[in-house]
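Visitor: I am new to this structure and would like to understand the words used for it. Could you show it to me and take my questions one by one?

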Amino acid sequence: MKRKHFFVLMFIVGFYMALSNIGAQTLLTADQFFLKLADRYASVTDYQADVQITAGRQPMTGKLIFKSPTLLRIDFSQPADQVIVFDGKTLLVYLPQYRAVLRQDASDQGISLGAATLASKEGLSLLRRNYTIGWERSPNEEPLDPGSTEQVYRLMLSRKSVSEGYKNIRLSVSGDTMLIRRLEGWTVSNDKITFDFQNVLLNQGIRDDRFVYDAPASANVYNNFLFQ
């Protein structure tokens, strides 16, 4: 075989091997990727993160701590001093501008903290059971926002039952950390709520007493506010 023909043949072989590798990478289905994500969170017993919540025009920012399976606390810097705490039994929301504490017992009421607790092994299990999972566009990484250098994988979830609070959920997963970077949910009325998670620290040994909150004595308490 002539040297020229040999190099042409090697080029063709190399080209098709490259195509084969590309094909192997894209064979990862959305369900398989979601299982990898669930495996990542299965090892997470607790985490803390900076969180930004956007619903409408007014963003909210704060420090979030979470402990499996359901303990949650967010101390907000915007609105300043606002607090949300769930200790597994009672949901408390402190609104300093109104000097009010909204208190809701979770027993027998099916309380859900919505998107805030979906970034956990328990939340992901619920999503897999109640939503159809697919790639938003492709199984390839893309910018988190237009012009951003931060790359994420995007999954789009569609509810299987009308009983779910969010009809669609979009997950943006960091390829570097395999953690949820952004979670967006659309309600039945097409309102959108966005959770951005940054500076996530895993398995910090967060104690249960971090989820005990003593509201100011001057605050008025409104019980079972969700059902009044």
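Predicted model: local features only at pLDDT ≥ 70, side-chain atom pairs only at ≥ 80, totals over all residues.

Guide: Residues are numbered from 1 along each chain as its sequence is written, and side-chain values use heavy atoms, with hydrogens and water left out.

Visitor: Why is D81 called exposed?

Guide: Exposed means over 50% relative accessible area, buried under 20% and partly exposed in between, with a 1.4 Å probe and protein chains only. D81 has 55% relative accessibility, so it counts as exposed.

Visitor: What is D81 in contact with, leaving aside its neighbours within four places in sequence?

Guide: With that exclusion, D81 is in contact (heavy atoms within 4.5 Å) with F76, Y94 and P96.

Visitor: What makes the pair of F33 and W135 tilted?

Guide: The search of the whole structure finds 6 aromatic pairs. Rings of Phe, Tyr and Trp (its six-membered ring) pair if their centres lie within 6.5 Å, and planes under 30 degrees apart count as stacked, over 60 as edge-to-face and the rest as tilted. For F33 and W135 the centres are 5.1 Å apart and the planes stand at 55 degrees, so this pair is tilted.

Visitor: Are F33 and W135 buried or exposed?

Guide: Both F33 and W135 are buried, and together with Y153 they form one aromatic cluster.
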